[in-house]
There are 2 protein chains.
Amino acid sequence: MRVLVARCEIAYEGRLVTRLAPGDRVILFKGDGSVAVHNTKGAKPVNYMAGPTVVEEDGAVIRVRRAQSGELLTILLESIHADARHELEDGAALERDGRELQLHALIAQAPDLVEPGLVVVQRERPTDVGPIDFFCRDAAGTVTLLEVKRVKAVAAAVEQVVRYREQVERDPACVPVRAVVVAPEFAPQARALAATRGVECIVLDVAALRAGVAPALRLFDG
Amino acid sequence: MRVLVARCEIAYEGRLVTRLAPGDRVILFKGDGSVAVHNTKGAKPVNYMAGPTVVEEDGAVIRVRRAQSGELLTILLESIHADARHELEDGAALERDGRELQLHALIAQAPDLVEPGLVVVQRERPTDVGPIDFFCRDAAGTVTLLEVKRVKAVAAAVEQVVRYREQVERDPACVPVRAVVVAPEFAPQARALAATRGVECIVLDVAALRAGVAPALRLFDG
DNA sequence: ATATACATGTCGAGG
DNA sequence: CCTCGACGTGTATAT
(Lines give C-alpha, C1' and ligand atoms only; values in the text may rest on other atoms or scores of the structure.)
Protein backbone atom coordinates (compact mmCIF):
# COMPACT_ATOMS: atom_id res chain seq x y z
CA MET A 1 0.00 0.00 0.00
CA ARG A 2 1.23 3.42 -0.97
CA VAL A 3 0.17 6.33 1.19
CA LEU A 4 0.65 9.62 -0.60
CA VAL A 5 -0.03 12.91 1.16
CA ALA A 6 0.04 15.75 -1.33
CA ARG A 7 -1.40 18.98 -2.56
CA CYS A 8 -3.06 18.09 -5.83
CA GLU A 9 -5.83 18.62 -8.30
CA ILE A 10 -8.04 15.71 -9.32
CA ALA A 11 -10.19 14.81 -12.30
CA TYR A 12 -12.37 11.75 -12.83
CA GLU A 13 -14.00 10.68 -16.05
CA GLY A 14 -16.33 7.72 -16.09
CA ARG A 15 -20.08 7.47 -15.92
CA LEU A 16 -19.89 11.08 -14.89
CA VAL A 17 -17.18 13.69 -14.80
CA THR A 18 -15.85 15.26 -11.60
CA ARG A 19 -13.21 17.83 -10.84
CA LEU A 20 -11.60 18.72 -7.54
CA ALA A 21 -9.68 21.99 -7.40
CA PRO A 22 -6.22 22.03 -5.76
CA GLY A 23 -6.01 21.08 -2.10
CA ASP A 24 -4.20 18.80 0.36
CA ARG A 25 -5.30 15.15 0.27
CA VAL A 26 -4.33 11.68 1.39
CA ILE A 27 -4.28 9.19 -1.46
CA LEU A 28 -4.14 5.42 -0.94
CA PHE A 29 -2.95 3.11 -3.70
CA LYS A 30 -3.75 -0.47 -2.77
CA GLY A 31 -2.28 -3.74 -3.90
CA ASP A 32 -5.46 -4.74 -5.69
CA GLY A 33 -5.27 -1.65 -7.90
CA SER A 34 -7.94 0.35 -6.13
CA VAL A 35 -7.34 3.98 -5.24
CA ALA A 36 -8.98 6.16 -2.60
CA VAL A 37 -8.62 9.94 -2.37
CA HIS A 38 -9.46 11.47 1.01
CA ASN A 39 -9.88 15.17 1.59
CA THR A 40 -9.92 16.77 5.03
CA LYS A 41 -13.59 16.03 5.73
CA GLY A 42 -15.91 13.05 5.73
CA ALA A 43 -15.47 9.35 6.40
CA LYS A 44 -15.77 8.31 2.77
CA PRO A 45 -13.25 9.06 -0.01
CA VAL A 46 -14.08 12.11 -2.11
CA ASN A 47 -12.79 10.33 -5.22
CA TYR A 48 -11.93 6.70 -5.76
CA MET A 49 -11.48 3.96 -8.28
CA ALA A 50 -12.09 0.27 -7.95
CA GLY A 51 -9.43 -2.22 -9.01
CA PRO A 52 -8.03 -3.61 -11.14
CA THR A 53 -6.38 -0.55 -12.61
CA VAL A 54 -3.24 0.52 -14.41
CA VAL A 55 -1.39 3.29 -12.61
CA GLU A 56 0.88 5.40 -14.78
CA GLU A 57 3.09 8.05 -13.23
CA ASP A 58 4.43 10.75 -15.50
CA GLY A 59 6.28 13.44 -13.56
CA ALA A 60 3.68 15.36 -11.59
CA VAL A 61 0.77 13.52 -13.20
CA ILE A 62 -0.60 10.20 -12.01
CA ARG A 63 -3.17 8.53 -14.22
CA VAL A 64 -5.23 5.63 -12.94
CA ARG A 65 -7.06 3.75 -15.69
CA ARG A 66 -9.63 1.03 -15.54
CA ALA A 67 -9.64 -0.69 -18.90
CA GLN A 68 -12.96 -2.53 -18.43
CA SER A 69 -15.06 0.58 -18.02
CA GLY A 70 -12.82 3.19 -19.62
CA GLU A 71 -12.69 5.19 -16.38
CA LEU A 72 -9.80 7.54 -15.77
CA LEU A 73 -8.68 9.21 -12.54
CA THR A 74 -6.07 11.90 -13.03
CA ILE A 75 -4.04 13.32 -10.16
CA LEU A 76 -2.03 16.45 -10.84
CA LEU A 77 0.53 16.80 -8.07
CA GLU A 78 1.54 20.27 -6.90
CA SER A 79 3.61 19.37 -3.86
CA ILE A 80 4.25 16.21 -1.86
CA HIS A 81 4.02 16.21 1.93
CA ALA A 82 4.70 12.50 2.41
CA ASP A 83 4.97 9.41 0.28
CA ALA A 84 5.42 6.00 1.90
CA ARG A 85 4.95 2.38 0.96
CA HIS A 86 3.93 -0.26 3.48
CA GLU A 87 3.85 -4.02 3.20
CA LEU A 88 0.54 -4.87 4.79
CA GLU A 89 -0.90 -8.27 5.59
CA ASP A 90 -4.58 -8.64 6.19
CA GLY A 91 -6.51 -11.84 5.69
CA ALA A 92 -9.50 -10.88 7.79
CA ALA A 93 -13.00 -10.37 6.44
CA LEU A 94 -15.54 -8.08 8.02
CA GLU A 95 -18.12 -9.93 10.10
CA ARG A 96 -21.50 -8.26 10.33
CA ASP A 97 -24.43 -8.83 12.61
CA GLY A 98 -27.75 -7.09 12.44
CA ARG A 99 -28.66 -7.24 8.78
CA GLU A 100 -32.04 -8.04 7.39
CA LEU A 101 -31.26 -11.75 7.28
CA GLN A 102 -30.64 -11.78 11.02
CA LEU A 103 -33.87 -9.93 11.60
CA HIS A 104 -35.59 -12.68 9.62
CA ALA A 105 -34.00 -15.27 11.87
CA LEU A 106 -35.37 -13.53 14.94
CA ILE A 107 -38.86 -13.41 13.47
CA ALA A 108 -38.64 -17.07 12.54
CA GLN A 109 -37.77 -17.85 16.16
CA ALA A 110 -40.56 -15.77 17.64
CA PRO A 111 -43.35 -15.03 15.14
CA ASP A 112 -45.68 -14.56 18.11
CA LEU A 113 -43.93 -11.26 18.79
CA VAL A 114 -45.01 -10.02 15.38
CA GLU A 115 -48.59 -11.10 15.95
CA PRO A 116 -50.00 -13.57 18.50
CA GLY A 117 -50.81 -16.92 16.92
CA LEU A 118 -48.80 -16.32 13.76
CA VAL A 119 -47.13 -19.45 12.36
CA VAL A 120 -44.39 -19.38 9.73
CA VAL A 121 -45.06 -21.87 6.93
CA GLN A 122 -42.19 -20.93 4.65
CA ARG A 123 -39.36 -18.39 4.45
CA GLU A 124 -38.16 -16.73 1.25
CA ARG A 125 -40.95 -18.43 -0.69
CA PRO A 126 -40.24 -17.79 -4.38
CA THR A 127 -42.83 -16.23 -6.71
CA ASP A 128 -42.64 -14.93 -10.27
CA VAL A 129 -42.22 -11.42 -8.92
CA GLY A 130 -39.58 -12.15 -6.29
CA PRO A 131 -39.34 -13.98 -2.96
CA ILE A 132 -41.85 -13.48 -0.15
CA ASP A 133 -40.01 -12.94 3.14
CA PHE A 134 -42.51 -15.01 5.15
CA PHE A 135 -45.47 -17.10 4.05
CA CYS A 136 -47.50 -17.58 7.25
CA ARG A 137 -50.88 -18.48 8.63
CA ASP A 138 -52.45 -16.36 11.34
CA ALA A 139 -54.32 -17.53 14.43
CA ALA A 140 -57.47 -17.99 12.32
CA GLY A 141 -55.59 -20.00 9.70
CA THR A 142 -55.67 -17.22 7.09
CA VAL A 143 -52.72 -17.04 4.72
CA THR A 144 -50.59 -14.06 5.79
CA LEU A 145 -47.66 -12.67 3.81
CA LEU A 146 -44.96 -10.70 5.60
CA GLU A 147 -42.59 -8.26 3.97
CA VAL A 148 -39.89 -7.33 6.49
CA LYS A 149 -37.86 -4.13 6.46
CA ARG A 150 -34.92 -3.61 8.78
CA VAL A 151 -35.26 0.17 8.59
CA LYS A 152 -38.14 2.48 7.74
CA ALA A 153 -40.63 1.03 5.28
CA VAL A 154 -41.41 3.20 2.23
CA ALA A 155 -44.13 2.95 -0.41
CA ALA A 156 -42.06 0.52 -2.47
CA ALA A 157 -42.27 -2.07 0.33
CA VAL A 158 -46.06 -1.88 0.26
CA GLU A 159 -46.12 -2.35 -3.49
CA GLN A 160 -43.77 -5.28 -3.16
CA VAL A 161 -46.11 -7.18 -0.85
CA VAL A 162 -49.09 -6.26 -3.03
CA ARG A 163 -47.37 -7.97 -5.95
CA TYR A 164 -46.81 -11.06 -3.84
CA ARG A 165 -50.44 -11.08 -2.77
CA GLU A 166 -51.59 -10.96 -6.37
CA GLN A 167 -49.44 -13.98 -7.12
CA VAL A 168 -50.65 -15.97 -4.13
CA GLU A 169 -54.30 -15.09 -4.79
CA ARG A 170 -54.10 -16.96 -8.07
CA ASP A 171 -54.32 -20.13 -6.00
CA PRO A 172 -57.98 -20.32 -4.86
CA ALA A 173 -56.94 -22.56 -1.95
CA CYS A 174 -55.07 -19.62 -0.41
CA VAL A 175 -57.67 -16.83 -0.52
CA PRO A 176 -58.28 -14.71 1.38
CA VAL A 177 -54.72 -13.47 1.72
CA ARG A 178 -53.48 -10.92 4.25
CA ALA A 179 -50.57 -8.74 3.15
CA VAL A 180 -48.45 -7.25 5.92
CA VAL A 181 -45.40 -5.00 6.05
CA VAL A 182 -43.32 -5.40 9.20
CA ALA A 183 -40.86 -2.62 10.01
CA PRO A 184 -39.60 -0.55 12.95
CA GLU A 185 -40.98 2.58 11.26
CA PHE A 186 -43.24 3.61 8.37
CA ALA A 187 -43.00 6.57 6.00
CA PRO A 188 -46.32 8.45 5.68
CA GLN A 189 -46.62 7.56 2.00
CA ALA A 190 -46.18 3.92 2.90
CA ARG A 191 -49.03 4.10 5.42
CA ALA A 192 -51.24 5.97 2.97
CA LEU A 193 -50.59 3.50 0.18
CA ALA A 194 -51.09 0.57 2.52
CA ALA A 195 -54.51 1.91 3.44
CA THR A 196 -55.62 2.14 -0.19
CA ARG A 197 -54.20 -1.30 -1.00
CA GLY A 198 -55.58 -3.12 2.01
CA VAL A 199 -52.11 -3.81 3.36
CA GLU A 200 -51.47 -3.94 7.10
CA CYS A 201 -48.55 -2.20 8.80
CA ILE A 202 -47.06 -3.82 11.89
CA VAL A 203 -44.53 -1.82 13.85
CA LEU A 204 -41.72 -4.07 14.98
CA ASP A 205 -39.76 -3.33 18.13
CA VAL A 206 -36.44 -4.93 17.24
CA ALA A 207 -35.06 -4.56 20.77
CA ALA A 208 -38.11 -6.33 22.19
CA LEU A 209 -37.77 -9.02 19.56
CA ARG A 210 -34.15 -9.62 20.49
CA ALA A 211 -35.06 -9.68 24.16
CA GLY A 212 -37.98 -12.00 23.50
CA VAL A 213 -35.87 -14.65 21.85
CA ALA A 214 -34.30 -16.90 24.45
CA PRO A 215 -30.54 -16.51 24.97
CA ALA A 216 -30.06 -20.18 24.14
CA LEU A 217 -31.59 -19.60 20.74
CA ARG A 218 -29.73 -16.37 20.17
CA LEU A 219 -26.49 -18.32 20.25
CA PHE A 220 -27.32 -19.52 16.76
CA ASP A 221 -27.58 -16.00 15.32
CA GLY A 222 -24.08 -15.89 13.87
CA MET B 1 -5.16 14.60 9.78
CA ARG B 2 -3.61 11.66 11.52
CA VAL B 3 -2.50 8.75 9.36
CA LEU B 4 -2.02 5.62 11.42
CA VAL B 5 -0.69 2.43 9.85
CA ALA B 6 -1.04 -0.45 12.26
CA ARG B 7 -1.85 -4.08 12.87
CA CYS B 8 -5.09 -3.99 14.78
CA GLU B 9 -8.44 -5.52 15.54
CA ILE B 10 -11.61 -3.51 15.06
CA ALA B 11 -15.12 -3.54 16.46
CA TYR B 12 -18.05 -1.34 15.53
CA GLU B 13 -21.36 -1.04 17.30
CA GLY B 14 -24.05 1.14 15.86
CA ARG B 15 -26.88 0.43 13.48
CA LEU B 16 -25.28 -3.00 13.27
CA VAL B 17 -22.37 -4.73 14.92
CA THR B 18 -19.19 -5.60 13.04
CA ARG B 19 -15.91 -7.20 13.95
CA LEU B 20 -12.68 -7.29 11.99
CA ALA B 21 -10.06 -9.81 13.09
CA PRO B 22 -6.42 -8.67 13.44
CA GLY B 23 -4.70 -7.41 10.32
CA ASP B 24 -2.71 -4.48 8.93
CA ARG B 25 -4.74 -1.35 8.14
CA VAL B 26 -4.44 2.33 7.38
CA ILE B 27 -6.59 4.48 9.63
CA LEU B 28 -7.36 8.12 8.95
CA PHE B 29 -8.47 10.47 11.74
CA LYS B 30 -9.73 13.70 10.23
CA GLY B 31 -10.08 17.16 11.67
CA ASP B 32 -13.86 16.99 11.52
CA GLY B 33 -13.89 13.93 13.77
CA SER B 34 -14.56 11.39 11.06
CA VAL B 35 -12.54 8.18 10.90
CA ALA B 36 -11.87 5.84 7.98
CA VAL B 37 -10.32 2.38 8.28
CA HIS B 38 -8.85 0.97 5.08
CA ASN B 39 -7.78 -2.63 4.69
CA THR B 40 -5.60 -3.89 1.83
CA LYS B 41 -8.43 -4.22 -0.66
CA GLY B 42 -11.22 -2.11 -2.09
CA ALA B 43 -11.65 1.59 -2.77
CA LYS B 44 -14.03 2.20 0.12
CA PRO B 45 -13.17 2.01 3.83
CA VAL B 46 -13.95 -1.31 5.50
CA ASN B 47 -15.00 0.51 8.68
CA TYR B 48 -15.72 4.17 9.24
CA MET B 49 -17.46 6.69 11.38
CA ALA B 50 -18.85 10.08 10.48
CA GLY B 51 -17.99 13.12 12.55
CA PRO B 52 -18.35 14.71 14.97
CA THR B 53 -16.83 12.18 17.33
CA VAL B 54 -14.88 11.97 20.55
CA VAL B 55 -11.64 10.03 20.20
CA GLU B 56 -10.27 8.54 23.39
CA GLU B 57 -6.88 6.81 23.40
CA ASP B 58 -6.14 4.46 26.26
CA GLY B 59 -2.87 2.61 25.73
CA ALA B 60 -3.40 0.16 22.90
CA VAL B 61 -7.10 0.91 22.66
CA ILE B 62 -8.61 3.75 20.68
CA ARG B 63 -12.33 4.40 21.13
CA VAL B 64 -14.21 6.62 18.75
CA ARG B 65 -17.64 7.64 20.01
CA ARG B 66 -20.46 9.47 18.36
CA ALA B 67 -22.71 10.79 21.06
CA GLN B 68 -25.69 11.60 18.82
CA SER B 69 -26.22 8.06 17.61
CA GLY B 70 -24.47 6.11 20.34
CA GLU B 71 -22.10 4.53 17.83
CA LEU B 72 -18.76 3.20 19.00
CA LEU B 73 -15.72 2.21 16.97
CA THR B 74 -13.04 0.39 18.93
CA ILE B 75 -9.52 -0.10 17.61
CA LEU B 76 -7.29 -2.53 19.47
CA LEU B 77 -3.71 -1.86 18.40
CA GLU B 78 -1.26 -4.75 18.20
CA SER B 79 1.68 -3.03 16.53
CA ILE B 80 2.23 0.34 14.87
CA HIS B 81 3.97 0.58 11.49
CA ALA B 82 3.64 4.34 11.11
CA ASP B 83 1.84 7.20 12.82
CA ALA B 84 1.98 10.69 11.37
CA ARG B 85 0.03 13.92 11.62
CA HIS B 86 -0.31 16.32 8.73
CA GLU B 87 -1.66 19.84 8.62
CA LEU B 88 -3.79 19.80 5.51
CA GLU B 89 -5.56 22.67 3.81
CA ASP B 90 -8.36 21.94 1.40
CA GLY B 91 -11.13 24.37 0.57
CA ALA B 92 -12.21 22.73 -2.67
CA ALA B 93 -15.58 21.09 -3.25
CA LEU B 94 -16.19 18.25 -5.69
CA GLU B 95 -17.78 19.44 -8.93
CA ARG B 96 -19.97 16.90 -10.74
CA ASP B 97 -21.33 16.80 -14.24
CA GLY B 98 -23.48 14.25 -15.99
CA ARG B 99 -26.32 13.05 -13.77
CA GLU B 100 -29.89 12.06 -14.48
CA LEU B 101 -30.87 15.68 -14.82
CA GLN B 102 -28.80 15.88 -17.97
CA LEU B 103 -30.59 12.86 -19.40
CA HIS B 104 -33.84 14.67 -18.74
CA ALA B 105 -32.44 17.71 -20.56
CA LEU B 106 -31.64 15.56 -23.59
CA ILE B 107 -35.15 14.12 -23.66
CA ALA B 108 -36.63 17.58 -23.30
CA GLN B 109 -34.55 18.69 -26.30
CA ALA B 110 -35.49 15.74 -28.47
CA PRO B 111 -38.67 13.97 -27.29
CA ASP B 112 -39.12 12.72 -30.88
CA LEU B 113 -36.27 10.31 -30.26
CA VAL B 114 -38.23 8.72 -27.44
CA GLU B 115 -41.32 8.41 -29.62
CA PRO B 116 -42.19 10.22 -32.86
CA GLY B 117 -44.72 12.99 -32.32
CA LEU B 118 -44.26 13.14 -28.56
CA VAL B 119 -44.58 16.63 -27.08
CA VAL B 120 -43.46 17.54 -23.56
CA VAL B 121 -46.13 19.54 -21.73
CA GLN B 122 -44.48 19.74 -18.33
CA ARG B 123 -41.35 18.45 -16.58
CA GLU B 124 -41.25 17.32 -12.95
CA ARG B 125 -45.01 17.79 -12.67
CA PRO B 126 -45.91 17.41 -9.00
CA THR B 127 -48.54 14.92 -7.77
CA ASP B 128 -49.54 13.75 -4.31
CA VAL B 129 -47.33 10.70 -4.73
CA GLY B 130 -44.26 12.46 -6.10
CA PRO B 131 -43.19 14.28 -9.27
CA ILE B 132 -43.77 12.88 -12.75
CA ASP B 133 -40.58 13.14 -14.81
CA PHE B 134 -42.43 14.13 -18.00
CA PHE B 135 -46.09 14.93 -18.59
CA CYS B 136 -46.51 14.66 -22.38
CA ARG B 137 -49.02 14.27 -25.18
CA ASP B 138 -48.36 11.76 -27.92
CA ALA B 139 -48.95 12.18 -31.66
CA ALA B 140 -52.66 11.41 -31.14
CA GLY B 141 -52.95 13.93 -28.32
CA THR B 142 -53.22 11.27 -25.60
CA VAL B 143 -51.78 12.16 -22.20
CA THR B 144 -48.51 10.22 -21.81
CA LEU B 145 -46.50 10.00 -18.59
CA LEU B 146 -42.77 9.23 -18.75
CA GLU B 147 -40.71 7.85 -15.92
CA VAL B 148 -37.05 8.06 -16.90
CA LYS B 149 -34.29 5.84 -15.52
CA ARG B 150 -30.65 6.50 -16.29
CA VAL B 151 -29.73 2.89 -15.61
CA LYS B 152 -31.66 -0.36 -15.75
CA ALA B 153 -35.33 -0.03 -14.85
CA VAL B 154 -36.60 -2.44 -12.17
CA ALA B 155 -40.12 -3.30 -11.04
CA ALA B 156 -40.19 -0.34 -8.65
CA ALA B 157 -39.97 2.09 -11.58
CA VAL B 158 -43.06 0.51 -13.13
CA GLU B 159 -44.96 0.81 -9.88
CA GLN B 160 -43.87 4.42 -9.57
CA VAL B 161 -45.41 5.38 -12.92
CA VAL B 162 -48.54 3.37 -12.12
CA ARG B 163 -49.05 5.48 -9.02
CA TYR B 164 -48.66 8.63 -11.10
CA ARG B 165 -51.19 7.33 -13.61
CA GLU B 166 -53.72 6.69 -10.87
CA GLN B 167 -53.33 10.29 -9.75
CA VAL B 168 -53.66 11.76 -13.24
CA GLU B 169 -56.66 9.56 -14.05
CA ARG B 170 -58.60 11.31 -11.30
CA ASP B 171 -58.95 14.19 -13.74
CA PRO B 172 -61.53 13.02 -16.34
CA ALA B 173 -60.16 15.53 -18.84
CA CYS B 174 -56.91 13.57 -18.98
CA VAL B 175 -58.11 10.01 -19.55
CA PRO B 176 -57.05 7.82 -21.19
CA VAL B 177 -53.53 8.06 -19.81
CA ARG B 178 -50.51 6.21 -21.16
CA ALA B 179 -47.84 5.27 -18.62
CA VAL B 180 -44.33 4.74 -19.97
CA VAL B 181 -41.00 3.80 -18.46
CA VAL B 182 -38.00 5.01 -20.46
CA ALA B 183 -34.65 3.38 -19.71
CA PRO B 184 -31.58 2.04 -21.50
CA GLU B 185 -32.38 -1.43 -20.13
CA PHE B 186 -35.20 -3.30 -18.37
CA ALA B 187 -35.05 -6.04 -15.73
CA PRO B 188 -37.26 -9.02 -16.67
CA GLN B 189 -39.44 -8.48 -13.60
CA ALA B 190 -39.97 -4.90 -14.68
CA ARG B 191 -41.14 -6.00 -18.13
CA ALA B 192 -43.42 -8.66 -16.64
CA LEU B 193 -44.99 -6.21 -14.22
CA ALA B 194 -45.35 -3.58 -16.93
CA ALA B 195 -47.30 -6.07 -19.04
CA THR B 196 -49.78 -6.79 -16.23
CA ARG B 197 -50.14 -3.08 -15.39
CA GLY B 198 -50.56 -1.84 -18.95
CA VAL B 199 -47.33 0.12 -18.75
CA GLU B 200 -45.16 0.56 -21.82
CA CYS B 201 -41.40 0.07 -21.85
CA ILE B 202 -39.35 2.19 -24.22
CA VAL B 203 -35.68 1.33 -24.58
CA LEU B 204 -33.63 4.48 -24.75
CA ASP B 205 -30.37 4.53 -26.65
CA VAL B 206 -28.55 7.26 -24.76
CA ALA B 207 -25.74 7.42 -27.30
CA ALA B 208 -28.25 7.93 -30.11
CA LEU B 209 -30.05 10.52 -28.03
CA ARG B 210 -26.84 12.45 -27.48
CA ALA B 211 -25.99 12.15 -31.16
CA GLY B 212 -29.50 13.22 -32.16
CA VAL B 213 -29.34 16.44 -30.24
CA ALA B 214 -27.58 19.13 -32.26
CA PRO B 215 -24.06 20.00 -31.07
CA ALA B 216 -25.12 23.63 -30.61
CA LEU B 217 -27.70 22.46 -28.08
CA ARG B 218 -25.36 20.06 -26.40
CA LEU B 219 -23.17 22.97 -25.43
CA PHE B 220 -25.72 23.79 -22.78
CA ASP B 221 -25.39 20.40 -21.09
CA GLY B 222 -23.08 21.62 -18.35
C1' DA C 1 -22.21 -14.53 -15.91
C1' DT C 2 -26.74 -12.62 -14.96
C1' DA C 3 -30.33 -10.97 -12.14
C1' DT C 4 -32.05 -9.49 -7.85
C1' DA C 5 -32.31 -7.14 -3.48
C1' DC C 6 -29.75 -5.38 0.60
C1' DA C 7 -26.79 -1.51 2.55
C1' DT C 8 -23.75 1.21 8.96
C1' DG C 9 -26.01 2.42 2.16
C1' DT C 10 -24.76 7.95 1.40
C1' DC C 11 -26.27 12.19 -0.50
C1' DG C 12 -28.97 16.06 -1.82
C1' DA C 13 -33.38 18.39 -3.06
C1' DG C 14 -37.86 19.89 -1.79
C1' DG C 15 -41.76 20.69 1.32
C1' DC D 1 -36.60 18.73 10.18
C1' DC D 2 -38.58 15.13 7.53
C1' DT D 3 -39.54 12.72 3.26
C1' DC D 4 -38.10 10.93 -0.86
C1' DG D 5 -35.47 9.32 -4.85
C1' DA D 6 -30.78 9.10 -7.22
C1' DC D 7 -26.24 7.09 -6.91
C1' DG D 8 -19.56 6.75 -10.54
C1' DT D 9 -24.19 3.47 -5.92
C1' DG D 10 -21.32 -1.33 -4.20
C1' DT D 11 -21.88 -5.97 -2.66
C1' DA D 12 -23.59 -10.45 -1.75
C1' DT D 13 -26.60 -14.17 -3.20
C1' DA D 14 -29.16 -17.19 -6.02
C1' DT D 15 -29.95 -18.70 -10.61
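Figure 1. A:Val119 has A:Arg137 as its bridge partner in β10(A). The model shown here and in the other views is predicted. Strand β10 of chain A covers residues 132-137, and β9(A) pairs with it in the antiparallel sense over five bridges. Together β9(A) and β10(A) form a hairpin, with six residues between the two strands. In the turn, A:Gly130 has a positive phi of about 120°.

Figure 2. For comparison, most residues other than glycine have a negative phi.

Figure 3. In chain A, the peptide bond from A:Val175 to A:Pro176 is cis, with omega near 0°. A:Pro176 lies in the loop between α2 and β12 (177-183) of chain A. In chain B, the peptide bond that leads from B:Gly51 to B:Pro52 is cis, again with omega near 0°. B:Pro52 belongs to the loop between β4 (47-49) and β5 (54-58) of chain B. As a general rule, most peptide bonds are trans.

**Figure 4. The axis that relates chain A and chain B.** Chain A is superposed on chain B by a rotation of 178° with a shift of 0.4 Å along the axis, and the RMSD is 0.7 Å. The two copies are therefore related as by a two-fold rotation axis. Which residue of chain A has the C-alpha nearest the axis? The residue is A:Ala156, whose C-alpha is 3.3 Å from the axis.

**Figure 5. The surface through which the copies meet.** Contacts join 63 residues of chain A to 59 residues of chain B. Of the interface residues of chain A, 94% are also interface residues in chain B, so the copies meet through the same surface. Between them the chains bury about 4700 Å², and 55% of this area is on carbon and sulfur atoms. Three residues, A:Thr40, A:Asp90 and A:Leu94, supply 12% of the area that chain A buries against chain B, which is more than any other three residues supply.

**Figure 6. Polar pairs and elements at the interface.** There are 26 residue pairs in polar contact between chain A and chain B. Several elements give two or more residues to the side of chain A that touches chain B, among them β1 (2-13), β7 (71-85), α2 (155-169) and α3 (188-197) of chain A. Which element gives the most to this side? β2(A) does, with 11 residues. By class, the side of chain A that touches chain B has 26 nonpolar, 15 polar and 22 charged residues.

Figure 7. β8(A) and strand β2 of chain B, residues 17-29, pair in the antiparallel sense over three bridges. A:Glu95 has B:Arg19 as its bridge partner in β2(B). The side chains of A:Glu95 and B:Arg19 also meet in a salt bridge, at 3.7 Å from N to O. Across the interface of chain A and chain B there are eight salt bridges.

Key:
Residues are numbered from 1 along each chain as its sequence is written. Chains are lettered from A and ligands numbered from 1 in the order in which they are written. This is a predicted model: local features need pLDDT of at least 70, side-chain atom pairs count only at pLDDT 80 or more; totals for chains, interfaces and linings use all residues. Side-chain values use heavy atoms; hydrogens and water are left out. Copies are superposed by least squares on the C-alpha atoms of residues with pLDDT of at least 70 in both. Contact means heavy atoms within 4.5 Å. Buried area is the accessible area (1.4 Å probe) that two parts lose on being put together, summed over both. A salt bridge is a side-chain nitrogen of Lys or Arg within 4 Å of a carboxyl oxygen of Asp or Glu. A polar contact is a pair of N or O atoms within 3.5 Å; within protein, one must be able to donate a hydrogen and the other to accept it, and residues adjacent in sequence count only if both atoms are side-chain atoms. Helices (H or I, at least four residues) and strands (E, at least two) are DSSP runs, numbered from the N terminus. Ala, Val, Leu, Ile, Met, Phe, Trp, Tyr, Cys and Pro count as nonpolar, Asp, Glu, Lys and Arg as charged, and the others, Gly among them, as polar. Two strands pair if DSSP finds at least two bridges between them.
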